[in-house]
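Let us walk through this protein step by step. Keep the sequence beside the picture as you read.

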Amino acid sequence: MLTTIEHHPDDAMLLDLAAGRLTAGTRRVLHSHLELCPQCREQLRALDALGGLMLDEQEPAALGEDALARTFARIDAGSPAERQAPVKKHSAPPPLPPGARWPRALAGCRATPWRFIAPGMHWSRVSLPEDSAANVFLLRIGAGKYLPSHTHSGLELTQVLHGCFHDGRALFGPGDFDAADGEVHHQPVVQEGSACICLASVEGRLQFDGFIARLFGAMVGM
């Protein structure tokens, strides 16, 4: 079913993506949004083209006479990790409701089964092959349930995969993207009708209001 996407990453974040300045978790969440959003894909193409024009205007840098030979030597040698790393099996993501699908941006990642947090609330840890320390996870919260009220010590990115939630600022539905930092204090509440499933990346920690909620955050690693 086609849905209207109302919330998007801003141009500054897309420009950072085009320039390769984002962390691994941020990139995965952004790419999961781009899969569904032709508007943002077109904007990213425009920013890529702008970056290419800016590079064309830069003065070329001189290379050493042996630069090409050293590059080929490194390629032929490979890294110790590439020579010795065993082949890893990637775990299947936890199940989704009928009609929903996992983003292609999670290809190559490992995800745990759904883990119980509280009645109607589950989470799954997502491990990225390029950055094992990235704090990326999936949340599945039942209709009428809500996350505790919180703000953020860093940047929290959320991509809605299924269902809807309202956090006091706006309604977020399938395909919508949200970026929240220390200036945002909110409480996402899942709307009636179905559970809400989101992919999230957190830099820093969520700062929950109450003691019990802080324990909840520490348990999940938020």
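Helix 2 spans residues 24-34 and is mostly covered, with 9 of its 11 residues buried. Buried means under 20% relative accessible area, exposed means over 50%, and partly exposed lies in between (1.4 Å probe, protein chains only). The buried residues of helix 2 include Ala-24, Arg-28, Leu-30 and His-33. Helices (H or I, at least four residues) and strands (E, at least two) are DSSP runs, numbered from the N terminus.

A word on the model. It is predicted, so local features need pLDDT of at least 70 and side-chain atom pairs count only at pLDDT 80 or more, while totals for chains, interfaces and linings use all residues. Residues are numbered from 1 along each chain as its sequence is written, and side-chain values use heavy atoms, with hydrogens and water left out.

Now turn to strand 11, residues 196-202. It is mostly covered: 7 of its 7 residues are buried. In a regular strand the side chains alternate between the two faces of the sheet. Look for that here. Cys-196, Cys-198, Ala-200 and Val-202 point one way from strand 11. Ile-197, Leu-199 and Ser-201 point the other way.

Which strands lie beside strand 11? Two strands pair if DSSP finds at least two bridges between them. Strand 4 (residues 131-141) runs antiparallel to strand 11, joined by 6 bridges. Here Ile-141 stands opposite Cys-196. Strand 6 (residues 156-162) is also antiparallel to strand 11, again with 6 bridges. Here Gln-159 stands opposite Leu-199.

Another sheet is open and has 3 strands, in the order 8-7-10, with antiparallel pairing. Strand 8 (171-172) and strand 10 (189-190) stand at the edges, each with a single partner strand, so one side of each has no neighbour in the sheet. Strand 7 (residues 165-166) meets strand 8 over 2 bridges. Phe-165 stands opposite Phe-172 there.

What about the cysteines? A disulfide is a covalent bond between the sulfur atoms of two cysteines. The rule used here asks for a pair of cysteine sulfur atoms within 2.5 Å. By this rule the count is 0 disulfides. Take Cys-37: its closest cysteine sulfur, in Cys-40, is 3.6 Å away, so it is too far for a bond. Cys-37 is buried, at 2% relative accessibility. Cys-109 is buried too, at 7%.

End at helix 6, residues 211-220, where Leu-215 is found. Leu-215 is partly exposed, with a relative accessible area of 48%.
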